[in-house]
2 protein chains.
Amino acid sequence: MPYHPEEALPAWFLGPRAENAELVERLVIEALRDHVFWRRNYHPEDGVGIREVDKRREGYEAAVATLTQELMGLLAALKRDIPFFSGRYKGHMVFEQTIASQIGYFAAMLYNPNNVAAEVSPVTTRLEVEVAGQLGRMIGYDPGTAWGHLTSGGTVANFEALWIARQVHYLPVAAAGAARDLGLPLEVALPTRAVARLDELPLWALVNIDNGAALDLWQALWASAPHADVGRALEAHSLSSAGYQDYTMRLAHTYGDPLQAAVVLVAATAHYSWEKIVRALGIGANQLVYLPVDASCRLDPAALWERLHMLALRRTPVLACVSVCGTTEESAVDRLDEVLAVRERARRELGVAFHLHSDACYGGYAAAVTWRADGARRTGAEIRATTDGVWPSDEWVRAMTALGDADSVTIDPHKLGYVPYPAGAFLLRDRRARELVAVDPPYLAPARAAPPGDDLFLGRSIFEGSKPGAAAAAVWLSHKVLPLDERGYGYLIERTAIGARRLHSALATSELGPFRAVVLPEPDINIVCFVVRHAAPTTLAAVNDLNEGIYRRMSLGHDGPAPEYIITRTRFRTPMYDGAIEPILAALDVGTVEEWRGNGREGLVVLRATVMDPVLAAPASGVDHVAGFVAALGRACAGALSEESHLG
Amino acid sequence: MPYHPEEALPAWFLGPRAENAELVERLVIEALRDHVFWRRNYHPEDGVGIREVDKRREGYEAAVATLTQELMGLLAALKRDIPFFSGRYKGHMVFEQTIASQIGYFAAMLYNPNNVAAEVSPVTTRLEVEVAGQLGRMIGYDPGTAWGHLTSGGTVANFEALWIARQVHYLPVAAAGAARDLGLPLEVALPTRAVARLDELPLWALVNIDNGAALDLWQALWASAPHADVGRALEAHSLSSAGYQDYTMRLAHTYGDPLQAAVVLVAATAHYSWEKIVRALGIGANQLVYLPVDASCRLDPAALWERLHMLALRRTPVLACVSVCGTTEESAVDRLDEVLAVRERARRELGVAFHLHSDACYGGYAAAVTWRADGARRTGAEIRATTDGVWPSDEWVRAMTALGDADSVTIDPHKLGYVPYPAGAFLLRDRRARELVAVDPPYLAPARAAPPGDDLFLGRSIFEGSKPGAAAAAVWLSHKVLPLDERGYGYLIERTAIGARRLHSALATSELGPFRAVVLPEPDINIVCFVVRHAAPTTLAAVNDLNEGIYRRMSLGHDGPAPEYIITRTRFRTPMYDGAIEPILAALDVGTVEEWRGNGREGLVVLRATVMDPVLAAPASGVDHVAGFVAALGRACAGALSEESHLG
């Protein structure tokens, strides 16, 4: 039967009025009873554990009374929770979850599988591997060589990316040491594609071998000597064994020169967790180098080139570069294709190699837009034919298609995958690299005949141990109902992008009494950023106060009446937003870039509306939340101003 | 009404025959409908989003058909999952989950709160803080000064412990540098309790300031100069900013001597994730020093003292010592009181200080046994009065009571808390230390007036970001129904310890035909370890083969008929089990310790039966799984032997 996503969409979510309540209740009960009868069919000869008479004792009744009472209390408390499901919620990157994911989670949770290993999750570990394969294919990875798994969220997934990147970065150094110990004359491909003798390379060259060549070298090493010897020799020269302190001193001793601390380049818009990550890994916050962004908050490829050039002159190694696909604040999608081109140029012209990671925790699922139902890629024109031409640009499609060339990619199903927390995902382009962080044994021979099912002991190769198999079931069932192409997630996310454009253009053109909304450029996905100012001459500080006042009136957790619509705010600060600030300040006609730089942590308060509601694009019934939003914003502006006047 | 835990127990779980199915179904529907009507009551004037006519379209029907069909497929697949709920499952540390936790999880999951910050989880972040407080009180922390939170599991919780420990370890070095820059004449308490001028201390002394004194120094520093200056100065001298590479070189330059890499001491029985953790943090696997265990697999305090003494002589700093409360393999509980006494002696006699962490991921909840309903501690004799005197020893009670003196403790609610994955917990004795890993801003002034609700932005001070508020609701509701004392978890875990003793003694005394089970010492909690041997003269290798054969017949995931009972196995290898192996080999009368050492990764195969089923202690009805287990073991022995003969 032909697939009509516009007709299917109403079946995907419980709905703002819980219109699909009967459906959800039917499926929940189905899953529960199915589990109940599974238990009853398991060794029925064992008899009952809890007798009917046990249920009639005072203590049993008391326990049930406590449970029921406290549950009522919890349910009452939860009514103060956030109405993510409503078209009135335009705050953080969360909306309703798909019915499929909620039911999948609940059904599997009753079994409580633990995806640390198939031994305690024979079903859901397979689902996790399947789901990771689907996400990999969506971003363009080759299923034959890639690998991935779910995590508790984006922080752990990004942490794994950098952890593995570091292992690959120093791998040629370990291999050179091991080859020296074992007397093996190995060769390795340089970034220039020339082949060199490993034992003749200086330290700078060793930390500038690209990932593929480093892993080829690693395989060659294992093939050249008995496994036990290779394992011991690699171990003796690896950073993860020696630890940074001894390793640093040892390199200084062996190579006559301590290696400079390797840096991690990140788009200035990167999530705050990257700082946590480099601090925890021992890389250090000083080595986190923020790259400027352009007016659309995308990493500036020219600035990346300049920085790489400068670092190469100073002989500072680059451990990794993190590009963002869907920034937390603006949903900006870096031009990854251009970033890759810069890396290619750096390889060729500077002899510099590094791990390229795409933090697609937010934007990754938008890659579903680029796939037809028949498995072919959609062109920009094809996609625009289903979005009234408003989105996306051909450049955007190129950037998304480039994800397949990133060495690793992180994607959170619990963001644009519309599934419950916790569900992050880590994807690795060359699965060989995962052996470098596997714990038992630390250096496994790559050629070793893996026992059947070995791939299903995830805890061996990932950071986390115990983790809910229910999360895998949730993502899996959701992908079944919403395929990762134009029929499912592609359609869903397309709708949110259209809705965001409707809101963007309404804000840009609406009358707000004496106020005016200055919008940032059209978002790459679905987060609309804007700043409101009063018509009268004003200052940067006053604009900040006004927008803070608006935010207070349009968010929860503050005194006063419940907000009509819920938004969030961020602050654009120097130096992260240097590339994006000038046109905004000009359009606002307040303050100079210097003033903005000078006010430090204050920066510029920017209001944000995240459109994850697919219905905003074209409401079939009920209120139109674009008009409602703009009207509510007008009232919030007036309220904020009168409050200020009152205070002032 | 008086609390009768023995009468309440039948109400705590769904039950092996799903005897409480009606209760669970009632509560599930209650939670679902309550959520449904919450949505309907939120701005009813917005009208419906999904019309009845939308539900009658072909595409809607198709989507519902797909969802239903795929759910049926998932439910069918899940029937191959593990019957954790059954008395026949004696494998890993997992059993049924409490009804309260399942319902709590489901109820909150419908709202999908994100406990990264109260802004997206106003209800469940408070529940998380409350739950962490309850766990802290259970282990004896002072609620006024301690802090804690939930994590995705034990690995991340233990990672945080070592991450914070490292920050505290190097804090005096940063403080000394900052004080020098700012010209502040500060003093600090040494381990000997003498007070010294900070600027006169050598590096060795700076990394041997105990946690409390280091944090006092930190507060004094903030109080001595403007906050902006202190922040900058601390930042300039902190490891987490500089990164290990620069930091190492800088210390070598400033102090004329590079600091030796600090070691982490762990009980040899520690979970494999500790190796992951030290590798990831950049500490290095070489710095993970395994401490010998005694015959009961508990850390040997005398060996700890000897090691500390030797390290002090060599001037090797100790970053942390990890003691285990409930080992993964044996449920062994280190004598933490004695470990603390050794630390105290090291402080006094060696001038050595370090962070003491208790990895109580498995055993932490057993501390509930030590609490009376009225909030007083129970003595060993009081507890034994409710367990027919079989458990626990007074020494065990002292060890559990000592948890309150550990600098940090990790406890997994998803293990002995009987709640669904994911739920780990990290607990910190002195909450000031969390500021050292907080990201925004990296060095917050401790005296700063916290804005209301600041404590509720968990993402600021913990490693993970987005995380399910539902997990907090699950733990919270479970604690309401099963208090953390003799009425709830205390009673539950007591029962499992009694059951484990029944099984232990049955194994030690039962006839198994020509076979004999050699049991390890009685477990500290509830994991029974044993090795089977044939009566005829045999060898270590043959014993290993026999026990592997038994394991294959008593586990899933292998060909052949479904196992009657499910167990797991581990391998005791050198050097980890050096302290425990001799009596086992002697009782088995096979091989020498040297033979065992020589066979490397083979080691000794040890069978494990985890008793988390509280009913095993005294089955009220149904089969007695102790007798059933022993009989099934006998059949598995015979089967394994005949298979071997057949093969041989």
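Student: In which sense do E4(A) and strand E6 (residues 318-324) of chain A pair?

Tutor: They pair in the parallel sense, over four bridges. Two strands pair if DSSP finds at least two bridges between them, so four is enough for the name. Val266(A), for instance, stands opposite Val322(A) in E6(A).

Student: Before we go on, what kind of model is this, and how is it numbered?

Tutor: It is a predicted model, in which local features need pLDDT of at least 70 and side-chain atom pairs count only at pLDDT 80 or more, while totals for chains, interfaces and linings use all residues; side-chain values use heavy atoms, with hydrogens and water left out. Residues are numbered from 1 along each chain as its sequence is written, and chains are lettered from A and ligands numbered from 1 in the order in which they are written. As for the element names, helices (H or I, at least four residues) and strands (E, at least two) are DSSP runs, numbered from the N terminus.

Student: What makes strand E4 (residues 263-267) of chain A largely enclosed?

Tutor: Five of its five residues are buried, so the rest of the structure largely encloses E4(A). Buried means under 20% relative accessible area, exposed over 50%, and partly exposed in between (1.4 Å probe, protein chains only). Val263(A), Leu265(A) and Ala267(A) point one way, Val264(A) and Val266(A) the other way, and all are buried. In a regular strand the side chains alternate between the two faces of the sheet.

Student: Which strand is joined to E4(A) by four bridges and runs parallel to it?

Tutor: That is strand E5 (residues 288-291) of chain A. In E5(A), Leu291(A) is the bridge partner of Ala267(A). The chain crosses from E4(A) through helix H11 (residues 273-281) of chain A to E5(A), in a right-handed β-α-β crossover. Right-handed applies if, with the strands pointing away from the viewer, the path from the first strand over the helix to the second runs clockwise.

Student: Why is His169(A) called buried?

Tutor: Its relative accessible area is 8%, which is under 20%, so His169(A) is buried. His169(A) sits in helix H6 (residues 154-182) of chain A. Leaving aside neighbours within four places in sequence, its contacts (heavy atoms within 4.5 Å) include Leu206(A), Ala262(A) and Pro317(A).

Student: How do you know that helix H12 (residues 301-314) of chain B has close to its expected span?

Tutor: The expected span is 1.5 Å times one less than the number of residues. H12(B) has 14 residues and reaches 20 Å from its first C-alpha to its last, close to the 20 Å expected. Among its buried residues are Leu304(B), Trp305(B) and Leu308(B). An α-helix has 3.6 residues a turn, so residues three or four places apart point the same way.
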